Amino acid sequence: MRRNLLLLLLAIIFPVLSYAQTTLSLAGEWEVAFDADDAGSHRQVSRPFPYKIHLPGTTDEQGLGDSLAITPSLTRESLYQLARRHKFIGTAWYRRSITIPQNWQGKQIELMLERVLWQSRVFVDGKAVDGQQESLTAPHRYDLKALMIPGNHSILVRIDNKKQYDISYQNLAHAYTDGTQTIWNGAIGKLELTAYDPVSIRHVRTDPDQATRSVRVRMEICNKSGRVVDGNFLLKAQINGKSIPSKNQTMRIDTGRAIVETMYDLSENFQKWDEFSPAVYQLDASLTAEGNVSKYQTTFGIRALSGENSQLHINGRRIFLRGTLESAIFPLTGHPPTDKAGWLKVFSTAKLYGLNHIRFHSWCPPGAAFDVADSLGFYLQVELPMWSLQVGEDPKANRFITDEAYRISREYGNHPSFCFWSMGNELEGNFEFLNNLVAGLKKSDARHLYTTTTYSFQPPHGAWPEPTDDFFVTQQTKLGWVRGQGIFNQQAPSFVGDYTSSLTGMPVPVVTHEVGQYAMYPNVAEIKKYTGVLAPLNLIAIRNDLDKKGMLALADSFLKSSGKLAVLLYKEEMERILRTKGASGIQLLDLHDFPGQGTADIGLLDAFWESKGILSPSEFRQFCSPVVPLLRFEKATFTNLETFRATAEIANFSAGPLANVTPEWTLADEQGKPIAKGKLPAQTVGVGNGLDLGKIEVKLNAVKSASRLTLTLALKNTAFVNSWHLWVYPANVPNEPADVMITQSVDEALKALSQGQKVLFNPDYHQLKGVQGKFVPVFWSPVHFPSQAGTMGILCDPKHPALRYFPTDSFSDWQWWDLCTRSTAMILPDNSLSPIVRYIDNFANNRQLAGIFEANVGQGKLIVCSFDISNDVGNRPVARQLRHSLLQYMSSASFNPSVELANTAITSLIK
């Protein structure tokens with residue numbers, strides 16, 4: 001009875017322990033002690049272990065470390081990033097007991113910690129295990145054979161998460177940062193002991209060869225038997241449940257480390273891997289030697305990447321990367337998931353929004369991420385954990401980063417999703433070191449395409465590829481921009497352009513760098529989601545400030561309207577690069593929010609990869625999918641005396657040509673009633689972009705009143721459709737009403753108001769106090785880049801009678817460009833005012849900003865408009881129409897302001 005009770009207790013304490021297994025999980029309760037001063041250095045120190053912790057896990061997750069002390073406020077400290085509820089950076093010691101089973105007698109025993117920040121050492125029964133492991137991206141492994149025999153033992157793991165090498169400027173690299181994940185202490189992922197026979201397979205590398213329809217299998221054998229032995233290898237592969245004929249091979253195995261290479265024929269079930277057919281092979285390798293069998297399992301895919309004609313290809317077909325970034329943003333845990341379920345949410349959501357590519361910005365994800373990406377057909381860009389402005393200057397850092405690169409190659413290189421490899425983000429310093437590093441990696445592992453850096457601000461390196469680059473990620477080449485940030489606020493909206501001229505003579509494929517970064521107003525309703533290790537002090541501070549200023553009820557409108565503006569810009573960013581014949585992809589920043597570096601809420605999804613309710617996946621896929629109908633047209637605003645002309649084209653990066661498709665187009669009013677429609681010639685569309693579908697031409701004289709129209713272009717009987725808004729205004733407007741005075745002079749305005757008149761006051765916007773008017777929103781973050789003009793678009797009520805003759809949504813659309821770029825956002829002189837058109841201020845200030853407001857002043861009634869609607873209105877139909885709409889409202893009985901202002905409130909607007 002006592003024996004049965006003991007066995008039951010052992011099953012509870014060590015539920016995964018089985019003496020028939022060759023792997024023992026060390027997951028469970030450990031003791032932990034902190035050594036913040038690192039007094040123990042690299043030796044075990046006699047000390048109490050006052051805390052308990054569950055591993056795998058982190059001290060943050062267990063509530064250990066210094067508690068959060070700061071309070072929410074509109075300060076850089078609160079707004080810069082999410083805050084750790086508990087924080088420990090230093091050395092921690094983790095201890096537990098383990099029983100090694102008797103059938104492990106004579107085995108080689110290895111300890112594996114899947115992911116640790118940054119450095120570890122291991123002690124068994126008080127004795128140091130040889131070696132010290134240091135990696136931010138690959139497992140830490142220790143050979144325990146000399147210290148572990150069957151029986152009871154104590155394992156002590158020392159983990160130091162302090163910065164070991166200067167490879168990250170201000171700790172910004174996402175492999176080691178508090179900006180997105182946390183600089184956690186602990187161990188995540190697999191934590192286990194593995195027993196190996198004296199002769200065993202320790203690693204298998206796969207190099208598929210499409211030409212021979214086979215895979216080169218390179219097995220690394222550890223022979224610690226002390227003698228040369230005979231071994232028999234068996235390779236078995238399967239795909240989609242179907243087995244490939246196995247391969248047997250017998251050979252002599254030398255002592256120590258031995259390499260065995262062989263070609264394995266896959267021709268009986270040969271399938272290529274790509275986004276449309278993510279065919280993943282499972283390979284089981286077994287070695288029989290000395291009466292024991294050693295097994296190793298891996299996966300691989302057959303795909304060939306190339307950059308012929310300076311364009312990316314996979315398996316001989318062009319691909320276009322529709323990507324976003326992943327910067328280790330996991331707010332509940334403060335660290336990336338190491339299980340497939342956690343990554344399935346990331347990749348399935350990205351796929352839902354039409355993406356096929358994710359760039360891991362300055363870090364490399366765990367193995368589970370590659371597994372999921374393999375199965376869903378994602379093209380990954382992996383980066384070394386480096387974001388440095390002094391690359392190559394420190395020999396110790398150089399050694400670490402070189403070793404880290406080869407660790408990544410060994411650990412994750414078999415995965416077909418591991419397509420692209422960058423040495424780091426926006427690197428500066430010694431490019432000879434970077435080129436040499438890439439050259440060595442290419443020679444060692446040709447399964448990936450390489451680039452020395454993901455862009456660089458160090459001239460001339462960011463403007464043209466390095467000698468070893470297989471592809472090039474940049475914002476602008478030496479010939480010009482390849483993203484809209486340098487264009488959209490400076491040039492009037494036009495939809496004919498692309499970046500072809502910037503790619504002339506480019507020797508390798510180009511992918512555009514960090515496109516977007518259009519800030520949206522933070523979603524304060526998201527606060528309740530932060531139930532884990534990170535506290536949203538930034539969001540709490542913003543919410544509290546809005547509440548104090550009486551604007552909390554506007555928070556959701558601020559989010560939605562600023563988000564719609566960002567969507568507009570992201571759409572044109574995507575379409576402009578899709579119209580560029582030589583381009584090979586785009587890396588958005590970002591589909592989801594980046595909660596670090598100043599609270600950069602630049603995503604349509606929040607930091608949890610969940611929708612903010614701004615745009616549906618199907619709407620996003622109109623301009624982000626394998627097939628995108630496109631238009632080229634000169635402008636977005638017209639008069640009804642003009643003719644709309646456009647060229648229809650298509651970007652087809654699907655699995656092959658589209659046979660006999662018929663493009664159809666419709667121009668409809670806001671009620672969906674067609675004004676004009678037509679079909680373009682049926683044709684077969686090949687793979688590529690810049691493929692002409694035909695011309696569209698519509699005379700606009702049937703439009704009698706100011707209207708917003710929608711032009712839709714679709715491929716008949718397919719899901720591929722896209723749409724654009726156009727605005728048409730009457731070429732002539734009625735005479736201005738006589739009962740409204742229009743002036744740019746404050747003195748004239750106040751005099752007329754004192755006489756009881758109605759006044760439209762439209763001062764020179766250059767003379768107004770306030771914030772410079774812009775069409776594009778804040779770039780990235782007003783906290784990270786505080787010197788920029790800082791608004792986030794407009795917010796209005798389209799049904800307000802002042803806008804009756806000026807068709808608009810509640811948010812900025814292209815017709816607002818001329819008005820916004822010729823304006824000043826006024827700081828309202830009285831918080832009781834409710835603007836007709838509000839500028840959304842950035843969250844670091846939350847001022848009451850307006851473009852148009854109304855008030856009673858003295859005996860008169862006033863509208864103040866800070867958009868220029870006085871100058872050159874004959875050539876500015878949008879300004880003319882807004883002026884007309886305001887005047888019609890002011891001459892009507894509806895014009896009845898509710899707020900009283902003193903003369904001084906009006907004069908205070910002027911510089």
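This is a predicted model: local features need pLDDT of at least 70, side-chain atom pairs count only at pLDDT 80 or more; totals for chains, interfaces and linings use all residues.
Biologist: Is phenylalanine 653 buried or exposed?

Modeller: Phenylalanine 653 sits in the loop that joins β40 (643–652) to β41 (658–661). Beyond residues up to four places away in sequence, it touches Phe276, Arg318, Ile319, Phe320, Leu578, Pro626, Gly688 and Asn689. Because its relative accessible area is 2%, against a cut-off of under 20%, phenylalanine 653 is buried.

Biologist: What distance separates the C-alpha atoms of phenylalanine 653 and lysine 769?

Modeller: Along the chain, phenylalanine 653 and lysine 769 are 116 residues apart.

Biologist: What is the radius of gyration of the protein?

Modeller: The protein contains 13 helices and 56 strands. For 911 residues the globule rule gives 29 Å, and the computed value is close to this, so the protein is as compact as a globular protein of that length. The radius of gyration is 32 Å.

Biologist: How far apart do the centres of the positive and negative side chains lie?

Modeller: The protein exposes about 34,200 Å², of which carbon and sulfur atoms supply 49%. Its charged side chains comprise 90 positive and 88 negative ones. The centres of these two sets are separated by 3 Å.

Technical notes:
Residues are numbered from 1 along each chain as its sequence is written. Side-chain values use heavy atoms; hydrogens and water are left out. Helices (H or I, at least four residues) and strands (E, at least two) are DSSP runs, numbered from the N terminus. Buried means under 20% relative accessible area, exposed over 50%, partly exposed in between (1.4 Å probe, protein chains only). Contact means heavy atoms within 4.5 Å. The radius of gyration is taken over C-alpha atoms; the globule rule is 2.2 Å times the number of residues to the power 0.38. Accessible areas come from the Shrake-Rupley method with a 1.4 Å probe; for residues, only the protein chains shown count as cover. Lys and Arg count as positive and Asp and Glu as negative; His and the chain ends are not counted. The place of a charge is taken as NZ of Lys, CZ of Arg, CG of Asp or CD of Glu.
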